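Please look through the sequence and the structure below before reading on. The paragraphs that follow take the structure part by part.

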Amino acid sequence: MSNINAIITGVAGYVPDYVLNNEELSRMVDTNDEWITTRTGIKERRILTEEGLGTSYMARKAAKLLMKKTGADPDSIDAVIVATTTPDYPHPSTASIVLGKLGLKNAFAFDFAAACCGFMYAFDVACNMIQSGRHKRIIVIGADKMSAITDYRDRATCPLFGDGAGAVMVEGTTEEGIGLIDSYHRTDGKGLPFLHVKAGGSVCPSSRFTVDHRLHYTYQEGRTVFRYAVTAMGDDCAALLEGNGLTQNDIDYVVCHQANLRIIEAVAKRIGVPMEKVLVNIQRYGNTSAACMPLVLWDFESQLKKGDNIIFTAFGAGFVNGASYYKWAYDGDSAAVKK
Ligand code: UT7
């Protein structure tokens, strides 16, 4: 087994300036602040309104800030991975566009498609790349412009989603007891009927019909997805804790996918962790899909301490789900970890 541990050495994020709050949304569709707040916990979300800008714009902003914070030499970056469900184009990859804009010369780039689990899965892959010893420094970005696939005439889905990007620097260390310890990730493939975008892919390419019938937006059977999400994340966390001999008391923080505050609370209850230990920012950003988890890390980085036991857990279209056990590697709002 490798003696290299993979750690996060810095976190950054970007959200667009435009704030779409529940009041404004209530003027767009038949909804109200009370319904959205009690059913989802969301008060506002950020929207990338500028024409011609897509996911790579936000991903690049987050990555630029990350490089500034960590002081990483651009020539030392080995790879850029962008987890997204809303790529700029079918091809080329969003990651290749980000890499180009960052001016990286010694790196390769690829996108990672796992919906709302995209960041968590991509982070796992990046950690394995680092632990292999072949790669030294990888930027992992979770970025989504969910407003591009949200139907603002559908009150059941449009309050949920927002735009944003978060990025982490992943590096190796020989220090023991920090970094990614274990993961329990699962995909069941049963989720297609309940959560998908009907058109625009190879099964149903874009046409006048698909546009006229509003088939390019996220379709969701909310109640079913809700039930699956709570069960899957609860079970994944339980399996992960058991597999690592951890009890609830060993957990310092839970970083959960930010789809619905009621889902987050139900998962916390199932694993017996009080809400004070659950990091939540859904009220300000809504569900930014792959960006949720790194945006939570970005918002709460200043309160994290070296050695904190963090449980990541996420759920999304597929269905994809899972949980990861990570030991934080530095104190506070740090730039790069001192090595
Ligand atoms: O990140 C990917 C994974 N996605 C998720 O995890 C999302 C999972 N699902 C959910 O978060 C919830 O199911 C929703 C937030 C989408 C919906 O909440 P719900 O408590 O499951 O509501 P519901 O769909 O059962 O609808 C309850 C009622 C319905 O009215 P009736 O049939 O009871 O009269 C809806 O028509 O609420 C109505 N409704 C609304 N009312 C006001 C639905 N959307 C709205 C709205 N404003 N925006």
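The model is a predicted one.

Five strands form an open sheet with mixed pairing, in the order S8-S14-S13-S11-S12. S12 pairs with strand S11 (residues 253-256) in the parallel sense, over two bridges. Opposite leucine 279 in S12 stands valine 255.

Which strands does helix H7 touch? Helix H7 (residues 222-243) packs on the sheet and touches S8, S11, S13 and S14. The direction of H7 makes about 150° with that of S13. Helix H5 (residues 118-131) lies across S8, strand S13 (309-316) and strand S14 (320-327), and runs at about 130° to S8.

UniProt, in an unreviewed entry, lists residues 110-189 as "domain: Beta-ketoacyl-[acyl-carrier-protein] synthase III N-terminal". Over residues 110-189 the chain is 40% strand and 18% helix. The end C-alpha atoms of this stretch are 23 Å apart.

Next comes empty space. Rolling a probe the size of a water molecule over the atoms shows where such space is left. The second largest pocket holds about 210 Å³ of space. Its lining has 15 residues, and Gly52, Leu53, Gly54, Thr55 and Asp88 lie nearest the centre. Helix H3 (55-70) and helix H4 (94-102) are the elements that give two or more residues to this lining. H3 gives the most, with four residues. By class, the lining has six nonpolar, five polar and four charged residues.

Some details of the backbone remain. Most peptide bonds are trans, and most residues other than glycine have a negative phi. Where does a cis peptide bond join a histidine and a proline? The bond joins histidine 91 and proline 92, with omega about 5°. Proline 92 is in the loop between strand S4 (79-83) and H4. The peptide bond from glycine 318 to phenylalanine 319 is also cis, with omega near -5°. Phenylalanine 319 has its place in the loop between S13 and S14. Arginine 214, a residue other than glycine, has a positive phi, near 55°. Arginine 214 is in the loop between helix H6 (208-212) and strand S10 (218-220).

Key. Residues numbered from 1 in each chain as written. Predicted model: local features only at pLDDT ≥ 70, side-chain atom pairs only at ≥ 80, totals over all residues. Heavy atoms only, no water. UniProt positions renumbered as here; feature names shortened; annotations may be inferred. 1 Å grid on protein atoms, 1.4 Å probe; cavity = no way out; pocket = protein on both sides within 12 Å on 5 of 7 lines; lining within 4 Å. Points joined across faces, edges and corners; volume = space filled by probe spheres on them. Nonpolar A, V, L, I, M, F, W, Y, C, P; charged D, E, K, R; others polar. Pairing = 2+ DSSP bridges. Contact = heavy atoms within 4.5 Å. Axes fitted to C-alpha atoms, helices over the stretch in contact; angles between N-to-C directions.
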